[in-house]
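Here are my notes on this one, as numbered points. Have the model open while you read.

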Amino acid sequence: MAPRPLIAGNWKMHLTLVEAGKLVDALGALMLEAPDKPACDIVVCPPFTLLAPLSIACQKYGFGLGGQDCHAEEMGAFTGNVAAPMLADIGCSHVIVGHSERRSLQGETDAMVKAKAEAALAAGLVAIVCVGETEAGRDSGKAEEIVVGQLLASLPQGATAGNTVIAYEPVWAIGTGRTPSVEQVAAMHKAIRTALAGPVAEAAGMRILYGGSVKPGNARELLAVENVDGALVGGASLVPADFWAICTSCT
Ligand code: PEP
């Protein structure tokens, strides 16, 4: 049986405290008023400053709460960083690791991403491990090889269907309004599922999200692709009606 879908909103470096409260309350109102609840789990991933203040509201509405990154160490002299146990301490359930913006702008390697994911698991968080090829990688005809390589090198030791989620995010589709074809998404998700069968006992149950310009207009089509078990949503997660429309596209 396919896993229950997960829709995760990556707010990136956006929103003030007041704006964030309004966004979560608007989503919560949609959830409370919906006669049929969406057939997915919902997680929001705000910037660090907004996590603690949103924790109670997210709990009330049944939304998971995720950080956008964590440090690989449990504690220590790492100025400006946040450790996975600190996220767990303020009510987070999830943390994104290895987002392409961190890989490209902060120089994060697969080994660093793996270490962060392992720290997340040790803290009891679900790690959302991001992988994806660049446009040059896609044009090279080796996208699947590249992504599977990244996946196997970034996957935490001890990954299970319960503690790890994979997010396939083609770098060229993030924030661009471009998406791969459903055939390309299907082929990549199948390649990821096949690769997971080696290191993960219950590979069939591990969620593989698609991310990159998911919008209300394309969500249903993308979420219907075999082996797509949800979405990681950037821009559209900042607009309550759009994020909600994506959540309700899950069947
Ligand atoms: C992302 O940042 O993970 C993302 C998928 O962004 P967008 O939906 O805006 O492309």
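1. The centres of domain 1 and domain 2, taken over C-alpha atoms, sit 20 Å apart. Domain 1 covers 1-54 and domain 2 covers 82-213 of the protein chain, with bounds that come from an automatic or database domain assignment. Keep in mind that this is a predicted model, where local features need pLDDT of at least 70, side-chain atom pairs count only at pLDDT 80 or more, and totals for chains, interfaces and linings use all residues. Numbering runs from 1 along each chain as its sequence is written, and side-chain values use heavy atoms, with hydrogens and water left out.

2. How do the two domains meet? On the domain 1 side 13 residues are in contact with 16 residues of domain 2 (contact means heavy atoms within 4.5 Å). About 1,100 Å² is buried between domain 1 and domain 2, and carbon and sulfur atoms give 69% of that area. Buried area here is the accessible area (1.4 Å probe) that two parts lose on being put together, summed over both.

3. Arg207 and Asp41 form a salt bridge, with their closest N and O atoms 2.6 Å apart.

4. Which elements give two or more residues to the side of domain 1 that touches domain 2? They are β1 (6-10), β2 (41-45) and α2 (48-61). Helices (H or I, at least four residues) and strands (E, at least two) are DSSP runs, numbered from the N terminus.

5. The structure as a whole has 11 salt bridges. In one of them, Asp69 pairs with Lys116 at 2.8 Å, N to O. Asp69 is in the loop between β3 (64-67) and α3 (84-89) and Lys116 is in helix α5 (residues 110-122), so this pair ties together parts 47 residues apart in sequence.

6. Now the ligand: 14 residues are around it, and Lys12, Glu169, Gly175, Ser213 and Gly234 come nearest (near means a heavy atom within 4 Å). A backbone N or O atom of Ser213 lies 2.7 Å from a ligand oxygen atom. For Gly234 the corresponding backbone distance is 2.8 Å, and for Gly235 2.9 Å.

7. Two backbone angles deserve a look. Lys12, in the loop between β1 and α1 (17-33), has a positive phi of about 50° although it is not a glycine. Asn227, in the loop between α9 (216-223) and β8 (230-233), has a positive phi of about 70°.

Notes. Salt bridge = Lys/Arg side-chain N within 4 Å of Asp/Glu carboxyl O. Polar contact = N/O pair within 3.5 Å; in protein donor to acceptor, adjacent residues only side chain to side chain.
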